[in-house]
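Have the sequence and the 3D view ready as you read.

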Amino acid sequence: MIHIFVAFLVVSTSLGPVLSLQSVPDSGHRQLQNCTLNPHKDIQKLRRVQAYLKKINKPASPDGDVIDCVPSHLQPAFDHPQLKGQKPLKPAVRPKGHNLTEAVSESFQLWRDTGESCPKGTVPIRRTTEQDILRASSVRRYGRIRRHVRRDSTGYGHEHAVVFENGDQYYGAKASLSVWAPRVTNEYEFSLSQIWIISGSFGNDLNTIEAGWQAFVCSCFFQVSPELYGDNYPRFFTYWTSDAYQTTGCYNLLCSGFVQTNNKVAIGAAISPRSSYNGRQFDIGLMVWKDPKHGHWWLEFGPGLLVGYWPEFLFSHLRSHANMVQFGGEIVNTRSSGFHTSTQMGSGHFAEEGFRKAAYFRNLQTVDWDNNLVPLTNIHLKADRANCYDIRQGRNHVWGTYFYYGGPGRNVRCP
């Protein structure tokens with residue numbers, strides 16, 4: 001068996017359609033201590049192979065991710081029957097009124113901190129590992145979420161503090177949101193902040209496009225968890241569904257759907273830097289809008305970084321427009337100890353604490369039928385459990401429409 005294993009290691013490092021930029025931190029010595037391998041020659045040979053791989057592979061990302069540079073036409077999206085044989089489209093026309101003058105840090109994800117990048121003609125994709133899939137409830141469910149989608153979803157464990165607008169036809173949304181690393185209580189919960197583009201009813205026909213950052217609990221070694229990453233870094237993510245999270249859609253690039261066009265942004269990778277309490281604040285710009293020419297929904301991360309698009313044929317209602325846009329935070333409350341979770345939303349502090357202490361969204365806008373960015377005019381605020389997580393909205397000349405949101409979860413007012 002050891003001969004086969006060594007041969008597989010050698011062959012697998014020399015084949016494949018991707019260029020691997022980074023490697024998982026070496027754990028070979030620990031593995032050898034835990035296993036008995038015979039004969040002695042094979043152990044020595046395996047050690048030489050591991051030493052060679054450590055020498056030629058790039059240093060690991062601080063979060064341990066492996067980022068592969070995949071030729072654009074070989075990314076998962078082009079497994080879709082309607083995309084087979086095609087190539088990514090050229091960038092869409094941005095909405096009128098979009099400001100591209102702000103600067104964005106070149107090192108906004110941890111995998112970029114080592115100075116790595118992907119060449120033109122490829123897209124960076126976070127490699128899915130065996131450990132990732134083992135954390136899921138099943139192979140079939142990996143990269144997907146199942147949840148009820150009633151507007152009041154507290155009975156099903158999902159709690160929100162959000163601003164939303166409905167009553168019109170929407171062709172996109174834009175905002176900047178602060179990035180934090182909230183504490184998550186257990187491996188069956190998460191905390192996220194995102195933009196939702198929504199169409200259809202809140203029944204089985206719900207269509208959504210979602211983008212933002214998400215945090216999970218650290219799940220070490222091979223502990224079973226239904227979530228994606230196995231650490232508590234806030235990670236840039238996307239999601240989509242056309243049937244209320246039942247059978248369609250997935251996170252990031254884990255199914256054929258989203259078409260990535262950018263060679264600098266890795267969806268699913270950790271975001272860096274992050275905001276600190278009473279210290280430096282860091283936010284990311286997000287914009288999702290419908291291309292007037294082709295009808296696809298494009299995603300921009302930070303000023304000017306077009307990440308890619310969701311083809312319009314993925315959806316039913318969103319083929320034409322959205323009937324709601326939503327901004328804010330969401331957590332999962334499993335009540336695993338018999339009381340409300342202590343999983344934090346945003347910074348883990350209530351909205352009333354304000355700047356440098358509470359999480360925020362700023363410069364909220366929507367996109368109208370003529371591809372114009374316009375301010376929100378029919379704002380609604382909703383906090384499912386205001387004693388656990390709350391929200392406060394405001395407006396000024398610098399931040400436009402903004403809000404603070406979040407909270408610690410369980411406290412004396414949230415038992």
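At 2% relative accessibility, cysteine 414 counts as buried, where buried means under 20% relative accessible area, exposed over 50% and partly exposed in between, using a 1.4 Å probe and protein chains only. Its partner is cysteine 388, with the two sulfur atoms 1.9 Å apart in a disulfide, a term for a pair of cysteine sulfur atoms within 2.5 Å. Cysteine 388 is buried too, at 4%.

Before we go on, a word on the model: it is predicted, so local features need pLDDT of at least 70 and side-chain atom pairs count only at pLDDT 80 or more, while totals for chains, interfaces and linings use all residues. Residues are numbered from 1 along each chain as its sequence is written, and side-chain values use heavy atoms, leaving out hydrogens and water.

How many disulfides does a search of the whole structure find? The search finds 3, and counting bonded cysteines along the chain, they follow the pattern 1-2, 3-4, 5-6.

Now visit cysteine 69 and cysteine 118, joined with an S to S distance of 2.1 Å. Cysteine 69 sits in strand 2 (residues 67-71) and cysteine 118 in the loop between strand 2 and strand 3 (122-126), so their bond ties together parts 49 residues apart in sequence. Strands here are DSSP runs (E, at least two residues), as helices are (H or I, at least four), numbered from the N terminus. This link is left-handed, with -85° about the S-S bond.

Finally, cysteine 250 and cysteine 255 form a disulfide, and both are buried. The torsion about their S-S bond is about -80°, so this disulfide is left-handed.
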